[in-house]
Amino acid sequence: MPLLASSCSRPLPLLSASGSATAMLFKSSNFEDANEIISKIPAVASKDNDCKSIIDQGFREYLLQLIPVWDVQRLKKYVQYNIDSCRLELSSPNTPVILLSDIFDMSTLEFCENLFSFVELNVFMWKEDLFFAICKNHLLRMCNDLLRRLSRSQNTVFCGRILLFLAQFFPFSERSGLNIISEFNVENITDFSNDGDLDSLAEEEMVVDESDKKIKVDFSLYSKFWYLQNFFRCPNDLYINQKWIMFTSYSKFILSTLQHYKLSDSSGTAYIATLTGDSDRRYFAKFLTSQKLLELQLSDSNFRRYVLVQFLILFQYLTLPVKSKPDSYTLKPEQMDWIKMYKDVVSELIKETPPDGKEFLKTVEKILTREERWNEWKNKSCPEVKKPNPAIMDFQNGQRSKEPYLGDVLKEYHNQKKYFMGNTRLTKLWNHRPNNLDACRSKERHFLPSLDSYFEEAIMQSDPAAMIEAQYKKVNEIDYAWKGLRLLSQKCPYFFAQSNNPIHKMSDFLENMLNKLSKDKPTVAGLTEEKSKVDPPENESQETQTVIINTDTAEEGEVVNEEPQINSEPMDEDGEQRTPLTKDQLDRVSEAITSDWQKLGLKMGYQKDEIDFFANERVGRCDENKEKPTDQQNARYMLQIWSEDDDDPSVENLSSMLESLGMLEALKLLKST
């Protein structure tokens with residue numbers, strides 16, 4: 001029996017006549033009462049270990065006859081029958097798990113998924129003292145064997161059920177389930193097309209088609225977007241200065257793209273899920289990374305939320321104190337300021353992402369706050385989590401605690417003419433006023449509106465000068481009419497007056513009551529005239545407000561652009577025009593400063609390690625033959641980065657730096673173009 005022996009944790013006893021005979025006895029059993037084993041085999045009543053071994057072998061022998069039937073309910077009943085025999089000390093406590101392991105080894109994945117519900121429902125039974133100590137390793141081995149057979153992408157739900165079961169079964173302090181040293185899954189690599197040259201595309205900016213509100217996805221946007229997954233996969237790389245520069249550059253580009261391209265309320269699968277109710281049908285183990293799909297993915301609200309939440313998780317890890325981090329992994333103050341600024345940007349983007357962006361942001365923030373507490377627990381070397389057991393009585397040195405007796409508390413409240421309800425809030429509420437009935441009669445508890453305020457609009461509509469059709473009057477609204485009748489019954493003297501005219505419609509009755517009220521109360525009848533005298537300034541302010549709103553919000557199909565036009569040149573603080581650099585000027589200057597480009601980099605404010613990064617370690621620099629980039633390429637790349645990130649990337653600024661360094665040839669070429 002090599003198959004059974006492979007899943008057993010101990011060597012099987014030799015198949016004897018007694019084991020086979022025990023298996024034959026199970027054929028006549030209905031698996032209801034385990035005590036029948038004692039009646040059929042009296043020798044097991046001694047609870048000897050040898051007898052238990054025979055019974056265990058009999059259970060496994062008869063299991064081979066049940067497997068070909070593929071009846072999941074009968075197999076569950078059979079395993080439960082073995083569990084009952086374990087409680088009677090007729091079988092070994094690890095036998096139920098061994099039986100389940102044998103079934104899983106000989107069954108298809110679909111059958112295993114149906115049978116695993118039995119393991120999940122009995123999670124508290126497996127945690128009993130009888131089974132936990134001896135079965136925990138067997139259960140862990142059984143679950144790991146199942147996970148090896150499953151595919152994370154095709155059997156995502158089943159894999160999650162197994163992991164949730166292990167999380168419920170083992171305590172929090174179980175060392176085998178803890179990532180003590182905070183290792184990252186660096187093998188989770190996101191593959192994407194990297195055939196283009198990032199250097200040639202770095203100067204290209206994001207292009208938004210204003211006519212149809214779509215992003216034109218080029219290789220620069222595509223490569224920078226998916227390359228960020230490398231930083232999410234291994235955040236510790238950001239403590240390297242070159243990697244940090246690359247991350248900040250790519251992050252600003254992607255977040256700026258998302259800010260320009262806002263989603264509508266009907267965008268993405270999140271809105272469709274709210275309409276169809278299929279919110280539980282989204283399982284993506286890995287997203288597709290084709291460049292043709294990126295435009296559709298950025299239009300999906302769920303996809304956008306996944307990426308933005310990744311930013312928040314990464315920012316939290318970089319700012320929290322983690323015990324497993326090396327001492328050298330620290331951020332500079334300017335880096336902390338950058339994270340704080342862009343954390344607000346990401347939070348605002350999540351809030352603007354429909355549907356229910358504000359509620360989603362609150363949920364994410366609550367989860368991240370809880371994660372901070374788990375981080376504190378992990379920094380304390382994951383101590384055992386015990387459920388608090390508050391003691392009602394505290395006996396120390398044979399003396400009762402100083403908590404007063406209930407009789408003394410009742411007596412004290414009675415002397416103060418107060419009530420003790422046994423609960424702090426109930427006691428406070430019950431003693432709010434000396435006389436609770438008087439408190440109910442106070443004016444603060446009168447919530448009924450006056451007749452004037454409730455029927456003001458209806459009286460105005462009843463005026464023939466208002467020229468309102470009958471079908472649009474308030475008295476025809478069922479809720480309004482019903483509430484009005486209840487109010488009239490308490491405050492109107494005409495409500496119960498006898499009348500010979502029959503009531504055909506509720507609206508006619510209400511109009512009759514309102515006519516009588518308007519005659520008795522001329523102030524109410526004159527509300528229309530007074531309001532007409534007050535309305536013109538108010539209407540004028542409303543018109544002014546409408547004009548302001550119309551100038552601030554664009555009509556449908558229009559685009560409001562508050563930024564300066566493309567042909568307008570930037571201005572410095574003194575009001576002088578600043579000429580922006582062109583691509584041709586950058587090419588000419590890079591050719592002229594080939595040997596002295598590092599001096600210009602120091603003049604621009606770059607550090608020595610940043611200049612080394614421009615020369616050696618930037619992404620996409622080398623071709624397929626791994627040739628070292630030339631000085632002209634290094635100078636061109638540095639000038640491009642400076643023109644994108646500097647506050648004043650103008651011809652005048654670059655000219656002043658070239659003149660101070662004595663690079664007259666480059667200065668001449670710059671001014672000649």
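Two rings of Phe, Tyr or Trp count as a pair if their centres lie within 6.5 Å. The structure shown is a predicted model, and a search of the whole of it finds 37 aromatic pairs. A pair of aromatic rings is described by the distance of the centres and the angle of the planes.

Buried means under 20% relative accessible area. Phe-104 counts as buried because its relative accessibility is 2%, and Phe-116 is buried with a relative accessible area of 0%.

Tyr-227 and Tyr-250 form an aromatic pair that is edge-to-face, with 5.9 Å from centre to centre and 80° between the planes. Here too distant parts of the chain are linked: Tyr-227 is in helix 12 (residues 219-233) and Tyr-250 in helix 13 (residues 241-260), 23 residues apart. Tyr-227, at 16% relative accessibility, counts as buried, and so does Tyr-250, at 9%. Both tyrosines belong to one aromatic cluster, which also includes Phe-247, Phe-311 and Trp-338.

The nonpolar interior comes next. In soluble globular proteins, nonpolar side chains tend to be buried together. The largest nonpolar core of this model has 74 residues, and those with the most contacts inside it are Phe-247, Leu-600, Leu-654 and Leu-658. Helix 16 (residues 301-319) gives the most to this core, with ten residues. What does Leu-600 touch, not counting residues up to four places away in sequence? Its contacts include Ile-593, Met-638, Leu-654 and Leu-658.

Leu-429 lies in helix 20 (residues 424-430). Is Leu-429 buried or exposed? Leu-429 is exposed because its relative accessible area is 59%, and the cut-off for this class is over 50%.

Finally, Glu-295 is placed in helix 15 (residues 294-298). Its relative accessible area is 28%, so Glu-295 is partly exposed. Glu-295 and Asp-218 are 77 residues apart in sequence and 9.9 Å apart in space, from C-alpha to C-alpha.

Methods:
Residues are numbered from 1 along each chain as its sequence is written. This is a predicted model: local features need pLDDT of at least 70, side-chain atom pairs count only at pLDDT 80 or more; totals for chains, interfaces and linings use all residues. Side-chain values use heavy atoms; hydrogens and water are left out. Helices (H or I, at least four residues) and strands (E, at least two) are DSSP runs, numbered from the N terminus. Buried means under 20% relative accessible area, exposed over 50%, partly exposed in between (1.4 Å probe, protein chains only). A nonpolar core is a set of buried Ala, Val, Leu, Ile, Met, Phe, Trp, Tyr and Cys residues joined through side-chain atoms within 4.5 Å. Contact means heavy atoms within 4.5 Å. Rings of Phe, Tyr and Trp (its six-membered ring) pair if their centres lie within 6.5 Å; planes under 30 degrees apart count as stacked, over 60 as edge-to-face and the rest as tilted.
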